[in-house]
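Reader: Could you walk me through a few spots in this model? I'd like to go one question at a time.

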Amino acid sequence: MKLGLDIMGGDFAPKTTVGGAVRALKVLPKEFTLVLFGDRDKIVPLLNEHGVSVDNFEIIHTTEVIEMADAPLKAVSQKPNSSIGLGFKYLKDKKIDAFASNGNTGAMMVGALYSVKAIEGVLRPCLITQVPMETGKTGILLDVGSNADCRPEMLCQFALLGQVYTQYICNTPDPKVGLLNIGEEEEKGNIVAQATHQLLKNHEGINFMGNIEARDLFDGQADVIVCEGFVGNVVLKEAEAFYKLIKRRKINDPYFDRFNYEIYGGSPILGVNSNVLVGHGISNEEATKKPDTPC
């Protein structure tokens with residue numbers, strides 16, 4: 001099996017991405033091959049610093065870089081020789097079995113849609129993150145940034161995608177789905193939230209438990225929490241901010257330690273026809289080493 005890694009993506013690339021690849025090499029079974037997409041002239045010296053032979057990897061040399069601030073559609077179309085561009089070309093051609101990047105999330109979404117494409121019937125793929133529950137379980141929140149504006153039917157599909165992921169990847173039988181809202185009552189929220197509530201309520205294939213407020217996000221009421229990407233990304237970044245505050249005040253608690261982004265790998269894009277993982281832009285070597293970290 002061949003795993004593709006974008007070496008040029010991320011706030012601290014290529015140093016942390018090469019370091020993550022070296023760490024991954026030490027724990028991956030021999031039947032796995034790491035394919036590194038990036039500037040060979042930058043990759044080789046970093047591998048030498050780690051004392052690791054270039055022969056341990058397959059390197060695909062790239063001449064362009066999609067920056068974090070680049071407009072996704074424009075960047076993917078105008079930078080075909082970037083690490084993201086070539087990574088998706090290899091994924092589409094089945095030369096690799098999965099592709100991961102800590103780079104531009106929007107470009108990863110566009111690249112996936114234009115190469116391996118969405119599963120038939122899926123209106124918009126989505127990105128998930130894990131939610132540490134006080135009960136000890138781990139739920140998922142989606143979408144967390146790939147779709148800032150959503151229609152009710154998109155949110156309904158997110159619920160279904162999240163439910164399937166939680167059931168088969170997290171091994172949670174009959175997972176409960178909640179809609180993140182400003183009140184528990186079904187008439188609460190804006191027009192999109194109200195319409196989504198009705199769709200979820202009447203969907204026979206979704207185990208919908210109703211609205212869930214942000215203050216109840218971590219108590220285990222729901223296994224899958226659905227929201228628009230704008231809201232989900234705010235929740236994700238706020239949780240990271242509280243973790244930093246807790247550590248800054250030297251508070252040690254096993255539960256809050258689960259909010260440390262460094263212990264999680266990439267998050268999968270759900271709803272596309274291949275394995276696409278997006279890591280945090282500030283991922284360090286340890287986070288880059290890890291694959292998708294299921295519940």
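Reader: In which helix is Thr196 found?

Author: Happy to start there, and please keep in mind that this is a predicted model. The helix in question covers residues 191-201, and Thr196 belongs to it: helix 7.

Reader: Is Thr196 buried or exposed?

Author: The cut-off for buried is under 20% relative accessible area. Thr196 falls below that cut-off, so it counts as buried, with a value of 0%.

Reader: Where does Pro80 lie, and what is its relative accessible area?

Author: Pro80 sits in the loop that joins helix 3 (72-78) to helix 4 (83-92). Beyond four places in sequence, Pro80 touches Glu64, Gly85 and Leu86.

Reader: How do the buried residues of helix 2 fall around the axis?

Author: In helix 2 (residues 40-49), the buried residues are Ile43, Leu46 and Leu47. They sit on the same side of the helix, because the arc they cover around the axis is only 100 degrees.

Reader: Which elements do the buried residues of helix 2 pack against?

Author: The other side of helix 2 carries the exposed residues Asp41, Asn48 and Glu49. The buried residues, in turn, pack against helix 1 (15-27), strand 2 (33-38) and strand 3 (58-61).

Reader: At the start of helix 2, which backbone nitrogen does a side-chain oxygen of Asp39 reach?

Author: The approach at the start of helix 2 is to within 2.9 Å. The backbone nitrogen that the Asp39 oxygen reaches is that of Asp41.

Reader: Why do the buried residues of helix 8 line one face of the helix?

Author: Helix 8 (residues 229-248) buries Gly229, Gly232, Ala239, Glu240, Tyr243 and Ile246. An α-helix has 3.6 residues a turn, so residues three or four places apart point the same way. Seen down the axis of helix 8, the buried residues line one face because they fall within an arc of 120 degrees.

Reader: Which exposed residues are on the face of helix 8 turned away from its buried side?

Author: The buried residues of helix 8 pack against strand 6 (138-142) and helix 9 (254-257). On the face turned away from that buried side, the exposed residues are Phe230 and Arg248.

Note on methods:
Residues are numbered from 1 along each chain as its sequence is written. This is a predicted model: local features need pLDDT of at least 70, side-chain atom pairs count only at pLDDT 80 or more; totals for chains, interfaces and linings use all residues. Side-chain values use heavy atoms; hydrogens and water are left out. Helices (H or I, at least four residues) and strands (E, at least two) are DSSP runs, numbered from the N terminus. Contact means heavy atoms within 4.5 Å. Buried means under 20% relative accessible area, exposed over 50%, partly exposed in between (1.4 Å probe, protein chains only). The arc is that of the directions from the helix axis to the C-beta atoms. A polar contact is a pair of N or O atoms within 3.5 Å; within protein, one must be able to donate a hydrogen and the other to accept it, and residues adjacent in sequence count only if both atoms are side-chain atoms.
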